[in-house]
Every structure is written in structure tokens, then in C-alpha cells.
Amino acid sequence: MSMNLLEECRGAKRIGISGHVRPDGDCIGACMGLYLYLKKELPQAEVQVFLEKPADIYGCISGIGDVDSAYGEQEQFDVFFALDTSADRLGEAQPYFEKAGKRINIDHHVTNAGGCGEKNFVDPHASSTSELICRLIGKEGMNREIAEALYMGMAHDTGCFQYSCTSPDTLRAAAELISYGFD
């Protein structure tokens with residue numbers, strides 16, 4: 001199972017990203033990791049991330065100040081990503097997802113195993129959605145800021161790698177991420 005993120009966004013002028021209501025570390029890490037990646041790889045596209053206001057403890061994540069918590073009236077998005085959730089838990093971002101030209105769902109929850117988008121990348125065996133984003137970006141798309149956001153998300157959903165969802169794949173991904181040299 002795989003997905004080429006850049007191919008899915010080919011030709012898109014407006015790309016939206018959101019996660020579940022009351023976002024936790026994995027939701028924020030996955031959203032910010034994908035946001036930073038798409039901004040880097042698709043500079044011609046307008047990329048927006050919508051989340052309820054993240055807690056101050058996430059202030060260390062690059063780009064966190066770009067998060068839109070106002071959910072104003074927006075034009076239609078060409079592509080909209082629902083991360084770490086099903087559509088019914090997107091809160092105020094749900095209308096953006098529903099109206100988008102292409103809806104993509106990336107999640108690790110067994111309760112959303114079928115996905116809620118036209119394109120779905122759902123793996124209930126993954127520790128976190130951040131781990132899935134890491135897998136999709138790969139080494140060639142990674143940088144320090146993206147790695148830091150994704151590591152934070154993985155650490156959050158694994159209880160700092162203590163929970164049973166932590167697999168050898170999780171630890172290999174985490175080891176690769178910390179090689180980028182963030183604190």
C-alpha cells in the first residue's frame with residue numbers, strides 16, 4: 001500500500017490540510033509535517049492547514065504560527081487532506097473537505113479502516129498518522145523541520161515509544177527522523 005503525495009497534488013493550486021477536533025500531538029505532527037513538505041515541494045501552490053488552536057507546548061514546531069484556526073469563508077480546495085481522523089471528526093474543516101476537488105484521507109485508526117476520502121491511505125497497524133506521513137514522504141522529501149514535526153507526533157501517540165502500537169517499523173522511522181539533528 002502506497003501513495004505518491006506529489007502525484008496526488010499534481011496541478012493543484014489550493015491544498016488544504018486538517019485533522020480531528022481537539023488535536024493531539026500526532027494530529028498536529030502529521031498536519032505540520034505534511035504542510036511543511038508540500039510547501040517545500042510545491043512552492044507554486046497555496047497550502048493551508050486548519051486546526052483548532054494548538055496548545056502552546058507545540059510552539060516549537062516549525063510553521064505552527066501558520067495554522068488557521070479561524071475557518072473563514074474559503075474558496076474550494078483542489079485537494080484536501082483529512083489526517084488522523086474520519087470526516088465526521090474534522091469539525092469546522094469538514095465543509096472544506098466535503099467540497100474539495102479531491103479528498104484524501106490518511107489515518108491509522110482501526111475505526112476508520114475503510115477511509116473517508118476518494119483516495120485513502122489507512123494502516124491500522126501503524127503507530128500514528130505521523131508514522132504514515134513519514135513513510136509517504138521518505139528520505140528524499142525529508143528535512144530537519146519536517147522530521148521534527150513527525151517525530152513529535154510519533155512520540156506522542158506511542159507514549160514515548162512505550163505503548164504496544166510501537167513496532168520495529170516505528171523505531172526504525174524514529175531513528176531515521178532523529179538523524180536530522182533536531183533537539
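Predicted model: local features only at pLDDT ≥ 70, side-chain atom pairs only at ≥ 80, totals over all residues.
How do the residues of the lining of the largest pocket divide into nonpolar, polar and charged? Good morning.

Let us turn to the pocket. Rolling a probe the size of a water molecule over the atoms shows where empty space is left. Here, the largest pocket holds about 160 Å³ of space. Its lining includes Tyr71, Gly72, Glu73, Gln74, Glu75, Gln76 and Phe77, together with Glu92, Pro95, Tyr96 and Lys99. To answer the opening question, four of the lining residues are nonpolar, three are polar and four are charged.

I now move to the helices. Two packed helices are described by the angle between their axes and the distance between the axes.

Consider helix α2, residues 25–41, and helix α5, residues 144–157. Their axes lie 7 Å apart, at an angle of about 160°. Angles over 145 degrees count as roughly antiparallel, and α2 and α5 are therefore roughly antiparallel to each other. Their crossing is left-handed. Among the residues making this contact are Gly25, Ile28, Gly29 and Met32 of α2, and Ile146, Ala149, Leu150 and Gly153 of α5. By class, the contact comprises nine nonpolar, five polar and four charged residues.

The second pair is helix α4, residues 129–141, and helix α6, residues 168–178. Here the axes come within 11 Å and cross at roughly 55°, which makes α4 oblique to α6. This crossing is left-handed. Glu131, Cys134 and Lys139 of α4 meet Asp169, Thr170, Ala173, Glu176 and Leu177 of α6. Three of these contact residues are nonpolar, one is polar and four are charged.

Thank you for your attention.

Technical notes: Residues numbered from 1 in each chain as written. Heavy atoms only, no water. Axes fitted to C-alpha atoms, helices over the stretch in contact; angles between N-to-C directions. Helix = DSSP H or I, 4+ residues; strand = E, 2+ residues; numbered from the N terminus. Parallel < 35°, antiparallel > 145°, perpendicular 65-115°, else oblique. Left-handed = near helix turned anticlockwise from the far one by under 90°. Contact = heavy atoms within 4.5 Å. Nonpolar A, V, L, I, M, F, W, Y, C, P; charged D, E, K, R; others polar. 1 Å grid on protein atoms, 1.4 Å probe; cavity = no way out; pocket = protein on both sides within 12 Å on 5 of 7 lines; lining within 4 Å. Points joined across faces, edges and corners; volume = space filled by probe spheres on them.
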